[in-house]
Amino acid sequence: MKDLTRYRNIGIFAHVDAGKTTTTERFLSLTGKIHKIGEVHDGAATTDFMEQEQERGITIQSAATTCFWNDHQLNIIDTPGHVDFTIEVYRSLKVLDGGVGVFCASGGVEPQSETNWRYANESGVARIIYVNKLDRTGGDFYRVVDQVENVLAAKPMVMVLPIGIEDQFTGLVDLLTRKAWVWDGSDDPTKYELLDVPEDMKEQVEEWREKLVELAVEQDDAMMEKYLEGEEISIDELKACIRKGTRELAFFPTYCGSSFKNKGVQLILDAVVDYLPNPKEVKPQPEVDLEGNATGEFALVDTEYPLRALAFKIMDDRFGALTFTRIYSGTLNKGDTILNTYTGKTERIGRLVEMHADSREEINTAQAGDIIAIVGMKNVQTGHTLCDPKKPATLEPMVFPDPVISIAVAPKNKGGSEKMGLALSKMVQEDPSFRVETDQESGECIMMGMGELHLDIKVDILKRTHGVEVEVGKPQVAYRESITNPFTDSYTHKKQSGGSGQFAKIDYTIEPGEPGTGFEFESKVTGGNVPREFWPAVQKGFESSIEKGVMAGFPMVDVKFTLSDGGFHPVDSSAIAFEIAAKAAYRQTIPKAKPQLLEPIMDVDVFTPDDHVGDVIGDLNRRRGMIKSQEAGAMGVRIKAEVPLSEMFGYIGDLRTMTSGRGQFSMLFAHYSPCPRNVAEEVIKEVKEREAAAKK
């Protein structure tokens, strides 16, 4: 059995372009896992192994790798920073025990950093903060520390201070040991000296060390007493307090450096080992029943317990499907038979591998605490629980957001349909935030995702990875429909044509539900006018109808149906008759309940240099945006607004034109809101034209 106290399952997450992948490369180089450092801007980073990642210099899918530092095994996951791929961050954080949040010294706490930080808070993941790119113009460690406190409402525990700034950045002072790490400028991470604190920094170092010690001793009453009595606290005692506080999310040890210039990375690796929890120290995963209710049982990190593992990512490559799996309890061996509680089917484990980006090493056994990949699983998808068939249990599943944007795709040549269908089904398995549907009216294949870039990458993967050339329609917004007025009505379904007939009468009220409730059904029938066994049929009839609204065929949301009375025939009434009655009642009454179209509203976060603020705000107003706040920073202004998704297509091009290429933005789905009448009319007209064209 491996010593789990020497395990660290960690993720690296940050806003796009803060240096996550570069930092991962330095980790791998320092731990001896790779011998030549690959740079992101050259398209040669180890964990960015997709062609699309290498070209665009961004991370698209999380990559897993294993390395060793100070006799500890680090399982590292490098996650994407771009908002369209947050799903990758979310599902990685779900299976990790600790994380390194990377922030850019000049950009500070950016929009995506906030989203990722929120995900990490929800998952209860202990974190270390690393302020990267201190050699950059405008880099300011203290400003970022301040933002972490004010923007993220988190408590940074400053562990190091930078020596010099921007192009004068030469090293760091470790506050615990009061030693200066100074690199020689050759960009070799191992070429450094440990010196005394520079004279001009001594006062500052003592001031910050005092803050560190005060924050640390709060974790232990005995240490607090010792400190208040004026005794010196040893470094080992301080480390124990810091480890406890980090694990309990009381504060976040904060470091700085420049990964690209190879300065400060060793201290991050030391901190991962010293302060982040091992698999036994995190809260055990709760088990739930098949309906998703907590059972009160937990998957304890112990090899003696029954097997509990979570599939958190599916990846298809040249060797077949890879199922990335975090094992929470028990052991998993080659040749074992496991149960997938979601499908209720058992599968045999063929091959187990330990991943290093896109290369792998075969292993025969894995145990609680491990993150591994299983080759060739047939029916497993993201979020499924794999367990011991004799002692089944389900782990808390993952929840994925609904897509907000769609495009129609069609293969360029007639023979490509089958190939495209196979490719898309593989892609849907890999990415739970990506959906594919066939439009019943037009027969078109519709791809749905989280943003323009998300779908753009998917089309690229279809072309390059799967060799399917496709024609792409213009992006479509995922509108919804709802009603504004309650309406009470009655419907009778009667069919008499020889043999047994059909009869069902229902009296009902259709009314707007609370926002976010989706579909609700209630029966207030008394006296048996509609026998109880027919109530589910009425509910099913209404529920299946709301998939298509009456205005433009978009799904109907936030609507409540109440069955109040009705009538039945002892011979001719059946569940089918009542279901048909409910479907017809829906079509009859929804138009009378003043239906309305809802559009997705996005939280938009724009960064612009000071001299373009007016242009950017004016442009957002023209897009029907509501400005929520403006924050001035060292490098420019951040504008937060709520804007309808339909107005945001192609925004990046317009923003770059307005800001001479210096503006950036990110957006995230916020909520649905009623469409203005002129916009609704335009959308309905477009839908009707598309349907008419499809019929021709």
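In this predicted model, an open sheet of 4 strands has the order 7-8-9-10 with antiparallel pairing, where strands are DSSP runs of E with at least two residues, helices are runs of H or I with at least four, and both are numbered from the N terminus. Two strands are said to pair if DSSP finds at least two bridges between them. At the edges stand strand 7 (160–163) and strand 10 (192–196), each of which pairs on one side only. From one strand to the next, the twist averages 25 degrees; axes here are lines fitted to C-alpha atoms, for helices over the stretch in contact, and angles run from 0 to 180 degrees between N-to-C directions.

Residues are numbered from 1 along each chain as its sequence is written, and side-chain values use heavy atoms, with hydrogens and water left out. Because the model is predicted, local features need pLDDT of at least 70 and side-chain atom pairs count only at pLDDT 80 or more, while totals for chains, interfaces and linings use all residues.

Val-173 stands opposite Ala-180 in strand 9, and Leu-172 stands opposite Trp-181 in strand 9. Strand 8 and strand 9 form a hairpin with 4 residues between them, and Arg-178 in the turn has a positive phi of about 55 degrees. On to strand 10, strand 9 pairs in the antiparallel sense over 5 bridges, and the bridge partner of Ala-180 in strand 10 is Leu-195. Helix 9 (residues 265–275) packs on the sheet of strands 7 to 10, touching strand 7, strand 8, strand 9 and strand 10, and its direction makes about 135 degrees with that of strand 9; contact means heavy atoms within 4.5 Å.

**A second sheet, with mixed pairing**

Another open sheet has 4 strands in the order 31-32-34-33, and its pairing is mixed. Strand 31 (487–495) and strand 33 (519–523) each have a single partner strand, so one side of each is left without a neighbour in the sheet. Strand 31 and strand 32 (residues 502–512) pair in the antiparallel sense over 9 bridges, and in strand 32 the bridge partner of Tyr-491 is Ile-506. Helix 12 (residues 535–545) lies across strand 32, strand 33 and strand 34 (559–567), whereas helix 13 (residues 575–589) lies across strand 31, strand 32 and strand 34.

| Helix 9 (265–275) | strand 9 | about 135 degrees |

**Buried places**

Strand 1 (residues 7–14) is largely enclosed by the rest of the structure, because 8 of its 8 residues are buried; buried means under 20% relative accessible area, exposed over 50%, and partly exposed in between, with a 1.4 Å probe and protein chains only. Both faces are covered, with Tyr-7, Asn-9, Gly-11 and Phe-13 buried on one side and Arg-8, Ile-10, Ile-12 and Ala-14 buried on the other. Strand 1 runs parallel to strand 4 (residues 98–104), to which 5 bridges join it, and the bridge partner of Ala-14 in strand 4 is Val-102.

His-384 is in the loop between strand 22 (371–375) and strand 23 (385–387), and it counts as buried because its relative accessibility is 6%. The side chains of His-384 and Asn-340 are joined by a polar contact of 3.1 Å, a term for a pair of N or O atoms within 3.5 Å in which, within protein, one must be able to donate a hydrogen and the other to accept it, and residues adjacent in sequence count only if both atoms are side-chain atoms. Leaving aside neighbours within four places in sequence, the contacts of His-384 include Ala-309, Tyr-342 and Asn-379.

Ser-433, in the loop between helix 10 (416–430) and strand 26 (435–438), is buried with a relative accessible area of 0%. From Ser-433 to Gly-449 there are 16 residues in sequence and 6.2 Å in space, C-alpha to C-alpha.

**The chain as a whole**

The chain has 16 helices and 38 strands, and buried residues make up 54% of its 696 residues.
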